[in-house]
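Please look over the sequence and the structure below. A briefing on side-chain contacts follows them.

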Amino acid sequence: MKSRAVRASLSVLAGAGLVFGALTAAPALASSGPSAKADTKVTDGCYTWGSTLKEGSSGEAVRQLQIRVAGYPGTGNQLAIDGQFGPATKAAVKRFQSAYGLASDGVAGPKTFSKIYALQDNDCTPVNFTYSELNRCNSNWSGGKVSAATAKSNALVTMWKLQAMRHAMGDKPITVNGGFRSVSCNSAVGGAANSRHMYGHAADLGAGSQGFCGLAKAARNHGFTEILGPGYPGHNDHTHVAGGGSRHWSAPSCGI
């Protein structure tokens, strides 16, 4: 797990309803009277939400929330990262809340944000996954089928889906053997001509303690529209998961 120098204190404050503010600086908390302590500013190193979000909310704050709950869209579904807090986002928030023992009302407030803060590092990746795991091709995310920025953004969503899947499987480590590929990297490994790897959506997973089939089956519940595993040509030694595009699940040896 990556280091988190101030996360514990942030979680405590956020749980008490004290973490709010803009991305770079949160406003000072209001004093309660003459004897109140000096104003305290609380921010998260990646992103700090400034208000409660619920169905009907919209904007960048919602989009950032959707990235973090992308792994909770319901079996066979994929959550749109569009900045619009509709019924699907509400349902995903409820599943996230339930997964972490929070009141599952579908409203993202201090307790929900506190849990997210505890799960993310300052580069916005979830604590158990890194950009380097999702890109073993090059250092700048270039050369794929989309811009470098888009490929990296897609990989971030993929990591949050994996974080949700990891938690659902008992918080046991998930081995990521690779993710983004440039066109040349994809060609070098014999990847499909339109592989989701070139868009940043995909990850190839090692068996770990869960086994390839266990991973393939779990992936159905966490926003992956493409799942390829044992029994599918070239996938007996790993489980491939990806988002984006239409659904394509095939792991015959696993009953998928």
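The points below cover salt bridges, aromatic pairs and charges over rings.

This is a predicted model, in which local features need pLDDT of at least 70 and side-chain atom pairs count only at pLDDT 80 or more, while totals for chains, interfaces and linings use all residues. Residues are numbered from 1 along each chain as its sequence is written, and side-chain values use heavy atoms, with hydrogens and water left out. The structure contains four salt bridges and seven aromatic pairs.

**Salt bridges**

- A salt bridge here is a side-chain nitrogen of Lys or Arg within 4 Å of a carboxyl oxygen of Asp or Glu.
- One of them joins the side chains of E55 and K90, at 4.0 Å from N to O. This pair links distant parts of the chain, 35 residues apart: E55 is in the loop between helix 1 (7-15) and helix 2 (60-68), and K90 is in helix 3 (residues 87-99).
- Helices (H or I, at least four residues) and strands (E, at least two) are DSSP runs, numbered from the N terminus.
- E55 has 41% relative accessibility and counts as partly exposed; K90, at 30%, also counts as partly exposed. Buried means under 20% relative accessible area, exposed over 50%, and partly exposed in between (1.4 Å probe, protein chains only).
- In the salt bridge of D171 with R166, the closest N and O atoms are 3.8 Å apart. D171 is partly exposed at 36%, whereas R166 is buried at 10%.
- D204 and R181 meet through their side chains in a salt bridge of 3.3 Å, N to O. D204 belongs to strand 2 (residues 202-205) and R181 to the loop between strand 1 (176-178) and helix 6 (183-188), 23 residues apart.
- D204 is buried at 10% relative accessibility, and R181 is buried at 17%.

**Aromatic rings**

- Rings of Phe, Tyr and Trp (its six-membered ring) pair if their centres lie within 6.5 Å; planes under 30 degrees apart count as stacked, over 60 as edge-to-face and the rest as tilted.
- Among the seven pairs, F96 and Y100 are tilted, with 5.2 Å centre to centre and 50° between the planes. F96 is buried at 1% relative accessible area, and Y100 is buried at 16%.
- The pair of Y131 and W141 is edge-to-face because the planes are at 80°, with the ring centres 5.9 Å apart.
- Y131 and W141 are both buried.
- One aromatic cluster is formed by Y47, W49, F113 and Y117.

**Charges over rings**

- A charge sits over a ring if NZ of Lys or CZ of Arg is within 6 Å of the ring centre and within 35 degrees of the ring normal.
- The charged end of K161 sits over the ring of F224, 5.5 Å from its centre.
- For R196, the charged end sits over the ring of Y199, 4.4 Å from its centre.
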